[in-house]
Amino acid sequence: MTSSQVYTWEPSDRAIAERYGLRAQDVLRFDTNTSPAAPEFAAALLAEPFDPPLNEYPDSSYGDLTAAAAAYLGVATDRVVVGAGADEILDLAGKAWLGEGRRTLIPTPTYPMYAVLSSQRGAVIERIPRRQPAEGYALDVEALVARLDGAAVVWLCAPNNPTGAPEDPAKLAAILDAAGALEPAPIVVIDEAYAEFVTESAVAWLDRYDHLLVVRTVSKAFGLAGVRVGYAVGARRLIAALETVRPPGSISTVSAALAAAALRRPGIARENAARLSAEREWLAAGLSARGWRAVPSVTNFLLVSIGSAADADAAAEHLLRSGIVPRTFPGDHPLAGHLRLTVRSRDQDERLLAAVERWPSVTDSATRHP
Ligand SMILES: Cc1ncc(COP(=O)(O)O)c(C=O)c1O
């Protein structure tokens, strides 16, 4: 399938407020998998004498930020490349390795940007459906490996968005081994945007596989989505390929300094992830008590089964009227009938539960949408 694919960006708080007759400050983003608060040091740093030379362009090598990311991961600096969010890193991978007619494999459902940026490059997208919900939406390794020969890039997401499920390391290793046995080996991108919520990481395998690129971000556990910094780590030849397509100044001087300062404080991510993981279990129990069953998650978001696609649409409208913005899935999506909800702070999560409380039970809504 080469037809180009359109990604609809999330509507702004203001657009939602206007549509539902609310104040923009009463709109709560349960759709973006971001943190409920930025780390305290960020405001403090911006308030202190913080004097990077703003009249000059940023250091195009982003040496300080790259060194901070490398130290955080415990790898050599020349194995890391930085970008304006994980999204820019993914786009650089598309620029480096995809093009008209090249084949790319995407286990679905997953993060939609892989298909968007692949189609922007004219690549042929092969979607490999994940296994049944009862099997935790696990990767179908056999189906994927059967399609590997001749593929340029395989996009994996661990833990996976939007299911919130971890990936079995043995399955990831089986895909990497099968790709490594081919000549040329397809590049395997493992997007670890939610890495800090789990203990296992493919970073440990970097010396084993020279066709593995691991992608990270400060947007999730570090609570700095607005800063727009992501990075990738991999074999030197992969990093060199990304460096040739990287723009020289896509990360602002201020963002580079904030992200480097965050990466030098790994406790921020660790503590935030621990707090959000505990909050996730509390929220999942609260949703379940109100008839909204959440799929087991290891991340800062929950995939919730609502009923039919019409039920999920109606539930989303109901939440939006209270200023709560869920992530929805269109009728033809494999997750139609579900909503995805970000885990936020206790008071915000209570607002969500209060709105869910006012929603008719799934049985009632099924009757309303025969
Ligand atoms: C799996 C995954 N990768 C990448 C991103 C984008 O990250 P960033 O904010 O660093 O561009 C997201 C954001 O939701 C995501 O869920």
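**Note on the ligand site, helix packing and backbone features**

1. A polar side-chain atom of Asp-191 lies 2.6 Å from a nitrogen atom of the ligand. The model is predicted, and the distances and angles in this note should be read with that in mind.

2. One oxygen atom of the ligand is 2.7 Å from an N or O atom in the side chain of Arg-228. For Asp-87 the backbone takes part: one of its N or O atoms there is 3.0 Å from an oxygen atom of the ligand.

3. Which residues come nearest to the ligand? There are 14 residues around it, and those that come nearest are Ala-86, Asp-191, Tyr-194, Thr-217 and Ser-219.

4. Helix α4 (residues 85-97) and helix α5 (residues 113-120) have axes that come within 9 Å and cross at roughly 40°. The crossing of α4 past α5 is right-handed.

5. On the α4 side of this contact are Asp-87, Leu-90, Asp-91 and Gly-94, and they meet Met-113, Tyr-114, Leu-117 and Gln-120 of α5. By class, the contact of α4 with α5 consists of four nonpolar, two polar and two charged residues.

6. α4 also packs on helix α8 (residues 236-245), at an angle of about 95° and with the axes 9 Å apart. At that angle α4 and α8 are therefore roughly perpendicular to each other. The residues that meet are Leu-92, Ala-93, Lys-95, Ala-96 and Trp-97 in α4 and Leu-238, Ala-241, Leu-242 and Val-245 in α8. The contact of α4 with α8 divides into eight nonpolar residues, no polar ones and one charged.

7. How do helix α1 (residues 13-20) and helix α11 (residues 309-321) cross, and at what angle? Their axes come within 10 Å and cross at roughly 95°, which makes α1 roughly perpendicular to α11. Ile-16, Arg-19 and Tyr-20 of α1 make the contact with Glu-317, Leu-320 and Arg-321 of α11. Three of the residues in the contact of α1 with α11 are nonpolar, three are charged and none is polar.

8. Two cis peptide bonds deserve a look in the model. One joins Thr-108 and Pro-109, with omega about 0°; Pro-109 lies in the loop between β3 (103-108) and α5. Another joins Glu-183 and Pro-184, again with omega about 0°, and Pro-184 is in the loop between α7 (169-180) and β6 (187-191). Most peptide bonds are trans.

9. Tyr-62 has a positive phi, near 45°, although it is not a glycine. Where is Tyr-62 placed? Its place is in the loop between α2 (40-47) and α3 (63-73). Most residues other than glycine have a negative phi.

Technical notes
Residues are numbered from 1 along each chain as its sequence is written. This is a predicted model: local features need pLDDT of at least 70, side-chain atom pairs count only at pLDDT 80 or more; totals for chains, interfaces and linings use all residues. Side-chain values use heavy atoms; hydrogens and water are left out. Axes are lines fitted to C-alpha atoms, for helices over the stretch in contact, and angles run from 0 to 180 degrees between N-to-C directions. Helices (H or I, at least four residues) and strands (E, at least two) are DSSP runs, numbered from the N terminus. Angles under 35 degrees count as roughly parallel, over 145 as roughly antiparallel, 65 to 115 as roughly perpendicular and the rest as oblique. Contact means heavy atoms within 4.5 Å. Ala, Val, Leu, Ile, Met, Phe, Trp, Tyr, Cys and Pro count as nonpolar, Asp, Glu, Lys and Arg as charged, and the others, Gly among them, as polar. A crossing is left-handed if the near helix is turned anticlockwise from the far one by less than a right angle, and right-handed if clockwise. A residue is near a molecule or strand if one of its heavy atoms lies within 4 Å of it. A polar contact is a pair of N or O atoms within 3.5 Å; within protein, one must be able to donate a hydrogen and the other to accept it, and residues adjacent in sequence count only if both atoms are side-chain atoms.
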